[in-house]
Amino acid sequence: MMNTAVKPETRTEEPGVVYRTVCQNPGCGFSFDLKITPKNAGLLGGTIACPRCRRHGGMLKPTGRLGDKRYSAKLVFKAANIAYIARSEEEGDLFSEMGLSDY
Ligand SMILES: [Zn+2]
């Protein structure tokens with residue numbers, strides 16, 4: 001008599017969620033499905049590139065839920081490193097002029 005242990009392996013769906021991501025790069029607006037699985041979950045905390053405009057440095061910002069394991073998100077980009085050159089208006093705190101006595 002065989003006692004076949006049948007494991008309830010009926011789960012066929014893969015782990016992870018899908019983000020319907022919309023690129024926020026001006027002039028692009030491309031939307032694509034980004035699959036987030038435990039393997040690439042780091043994408044949520046890092047930056048990705050838009051598959052259309054190829055702009056790098058996009059950060060995934062979830063904006064809502066679309067359905068079961070489906071979410072909407074925006075691919076937002078930081079503004080380019082804008083370095084405002086702040087002119088320091090420091091008072092001229094020069095070293096007190098040491099009277100160099102001529103030898
Ligand atoms: Zn794009």
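This is a predicted model: local features need pLDDT of at least 70, side-chain atom pairs count only at pLDDT 80 or more; totals for chains, interfaces and linings use all residues.

Colleague: Which residues make up the largest nonpolar core?

Modeller: There are seven residues in all: Tyr 19, Cys 23, Ile 36, Cys 50, Leu 60, Ala 73 and Leu 75. Two or more of the core residues come from β1 (17-23), and two or more from β4 (70-77).

Colleague: In what sense do β1 and β4 pair?

Modeller: β1 and β4 pair in the parallel sense, over six bridges. Within this pairing, Thr 21 has Ala 73 of β4 as its bridge partner. As a general idea, side chains in a regular strand alternate between the two faces of the sheet.

Colleague: How many bridges join β3 to β4?

Modeller: Eight bridges join β4 to β3 (residues 58-67), and these two strands run antiparallel. Leu 60 has Leu 75 in β4 as its bridge partner. β3 and β4 form a hairpin with two residues between them, and Lys 69 in the turn has a positive phi of about 60 degrees.

Colleague: Why does Cys 23 count as buried?

Modeller: The general idea is to count neighbours: a residue with 20 or more other C-beta atoms within 10 Å is buried. Cys 23 counts as buried because it has 22 C-beta neighbours inside 10 Å. Cys 23 is found in strand β1, and its contacts beyond four places in sequence include Phe 30, Cys 50 and Leu 75.

Colleague: How far apart are Cys 23 and Leu 60 in sequence and in space?

Modeller: Cys 23 and Leu 60 are 37 residues apart in sequence, and their C-alpha atoms are 9.3 Å apart in space.

Key
Residues are numbered from 1 along each chain as its sequence is written. A nonpolar core is a set of buried Ala, Val, Leu, Ile, Met, Phe, Trp, Tyr and Cys residues joined through C-beta atoms within 7 Å. A residue is buried if 20 or more other C-beta atoms lie within 10 Å of its own, exposed if 12 or fewer, and partly exposed in between; C-beta atoms are placed from the backbone. Helices (H or I, at least four residues) and strands (E, at least two) are DSSP runs, numbered from the N terminus. Two strands pair if DSSP finds at least two bridges between them. Two residues are in contact if their C-beta atoms, placed from the backbone, lie within 7 Å.
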